Amino acid sequence: MPAVVVSGSGENQEFEGRITVYVIVCVIIAAFGGLMFGYDIGISGGVTSMDDFLKKFFPAVLEKKHHALESNYCKYDDQFLQLFTSCLYLAALIASFVASKVCSKYGRKLTMQIASIFFIIGVILTAGGINIEMLIFGRIFLGFGVGFANQAVPLFLSEIAPPNLRGALNISFQLFITIGILVSNLINYFTTNVHPHGWRISLGIAGVPALMLCLGSILICETPTSLIERHKVEEGRKVLRKIRGVENVDDEFDSIIHACEMAKQVKDPFRKLMKPVSRPQLVISICLQIFQQFTGINAIMFYAPVLFQTVGFGNDAALLSSVITGLVNVFSTVVSIYVVDRAGRRILLLEACVQMFISQVIIGIILFKELKTTGDNLSKGEAIFVVISVCTFVMGFAWSWGPLGWLIPSEIFPLETRSAGFAFAVSTNMLFTFIIGQAFLSMLCQMQAGIFFFFAAWVIIMGAFTWFLLPETKGVPVDAMVDKVWKQHWFWRSFMIEDDRPDVKVV
């Protein structure tokens, strides 16, 4: 089915093309960048709950963990332990801006290759770590890899996908993140009983998706947009024919040429981002990243084994419970792939806000009423109900704020600010992931069950933002967003008055 693009004059014109096997292969290979990211999210929480790991690097935490009178909420409250998890995201924040330049100047493909190399170096340092310094430096290199991958992969997927399938193909990045989390939970479940180096196995396997991305990226093409942007016009036309599976790509090719011509007029894309005309995309992209983290999802996924131990599960049972949530995460993301280009972005986000709010409140009430600061944990039935509520929360997140937090920023910027704007989105995501990762265990210790009410309050804010300020972008070509979306929105259209883009028909 051909995709529809809206011209500047309001007329509709169809791009010829179909989904090809080659595009599917490119999507799968690129999405291994998501597998790297997801595996790391899941593996860090499991490793930090392993006694062998704690004994070698964090003996004080191990002593608190097994202290009979220690607070149920404060067993793992240690800034260095949190730094092990969260320093990766601080490094990714810095790397995303460098990756933006590399992405624009050298292409999406090379940026993904650099990401995989950084990640492999980080895996070697962490899996072979003999002291805390090696662990931290390894996590920093992993962060560089995540920053480069998260910058390049969503842009690559958005630019290579036909407009009518852009949502589904882009969400493959999030799908692979969830698969990475699931695989890491399974690995942790088996390696926790491999003494004394099970944690090294868990950390070392992170190199597999990085190696797959490194080798696979040799086989895939660069996006037509990136090639044309870098003055490889005929090569861009050739690749466009290849990925669309038809000879007649003139209309879409002309549209990309037009977007590139406008992009050339912007010498400093970061300065252009500060202008009012870029305000809608920038505000929405940044807010989506903040909201994604303040759902509380990364707090749960980072520390799922720790959280389940806190509410009464043993180490093995806690890891198994995180495997269950990982399965829910994967299958719910598949639902998003099927629904996002049919129902649209807004309805998924709004429905999930209701679902996540209810789940967070239920968890908070159970822990507030039943889990005391010290002493006995929850009963088995209550603990299982907490797991069910966590799964319900993860389900809502996985078909909405998880994938759409990456999809929407990758599709709403015009070409002249696309890489720079997405760098702001990635860096904001990494900054707030760092903040949540660094603060969650301390917040759990200080706020106790109240932490879930804290995140529930944020979900209300997210829902209001989506209802009033987030327009629908389903099926709109990325280079027609200004005319079709922003100039039509009741609030954001006021910022388009100073649009300095040439009044050229988008064909």
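**Entry 1**

I count two residues as in contact when they have heavy atoms within 4.5 Å. I also note that I am reading a predicted model.

With that cut-off I looked up which residues join helix 4 to helix 5. I found Ala99, Val102, Cys103, Ser104 and Tyr106 on the helix 4 side, and they meet Arg108, Leu110, Thr111 and Ile114 in helix 5. Sorted by class, this contact has six nonpolar, two polar and one charged residues.

Next I took the geometry. Two packed helices are described by the angle between their axes and the distance between the axes. Helix 4 covers residues 79-106 and helix 5 covers residues 108-127. Their axes are 7 Å apart, and the helices pack at an angle of about 140°. I therefore wrote down helix 4 as oblique to helix 5, since only angles over 145 degrees count as roughly antiparallel.

**Entry 2: helix 7 and helix 20**

I then turned to helix 7 (residues 166-191) and helix 20 (residues 401-412). How do their axes cross? They come within 9 Å and cross at roughly 135°, so I have helix 7 and helix 20 down as oblique to each other. The crossing of helix 7 past helix 20 is right-handed.

I listed the residues that meet here. Helix 7 brings Arg166, Gly167, Asn170, Ile171, Phe173, Gln174 and Ile177. Helix 20 brings Gly402, Pro403, Leu404, Trp406, Leu407, Ser410 and Glu411. In this contact of helix 7 with helix 20 I have seven nonpolar, five polar and two charged residues.

**Entry 3: aromatic rings**

How many aromatic pairs does the structure hold? I have 27 in my notes. One of them is formed by phenylalanine 173 and tryptophan 406, at 5.9 Å centre to centre with 85° between the planes, and it is edge-to-face. Phenylalanine 173 belongs to helix 7 and tryptophan 406 to helix 20, so this pair ties together parts that are 233 residues apart in sequence.

Are these two residues buried or exposed? Phenylalanine 173 has a relative accessible area of 0%, so I marked it as buried. Tryptophan 406 is buried as well, at 3% relative accessibility.

I also noted an aromatic cluster made up of Phe291, Phe294, Trp401, Phe432, Phe454, Phe455, Trp458 and Phe465.

**Entry 4: two backbone spots**

Most residues other than glycine have a negative phi, and most peptide bonds are trans. I stopped at two places with that in mind.

The peptide bond from histidine 195 to proline 196 is cis, and its omega is near 0°. I located proline 196 in the loop between helix 7 and helix 8 (198-204).

Histidine 231 is not a glycine, yet it has a positive phi of about 70°. I found histidine 231 in the loop between helix 10 (224-229) and helix 11 (233-244). Its relative accessibility is 59%, so histidine 231 counts as exposed.

**Entry 5: alanine 263**

My last stop was alanine 263, in helix 12 (residues 250-264). Its relative accessibility is 13%, so alanine 263 counts as buried. What does alanine 263 touch, leaving aside its neighbours within four places in sequence? It is in contact with Leu415 and Glu416. I also looked up arginine 418: from alanine 263 it is 155 residues apart in sequence, and 9.4 Å apart in space, C-alpha to C-alpha.

Definitions and conventions: Residues numbered from 1 in each chain as written. Predicted model: local features only at pLDDT ≥ 70, side-chain atom pairs only at ≥ 80, totals over all residues. Heavy atoms only, no water. Axes fitted to C-alpha atoms, helices over the stretch in contact; angles between N-to-C directions. Helix = DSSP H or I, 4+ residues; strand = E, 2+ residues; numbered from the N terminus. Parallel < 35°, antiparallel > 145°, perpendicular 65-115°, else oblique. Left-handed = near helix turned anticlockwise from the far one by under 90°. Nonpolar A, V, L, I, M, F, W, Y, C, P; charged D, E, K, R; others polar. Phe/Tyr/Trp six-rings, centres within 6.5 Å; stacked < 30°, edge-to-face > 60°. Buried < 20%, exposed > 50% of the residue type's maximum accessible area, 1.4 Å probe, protein only.
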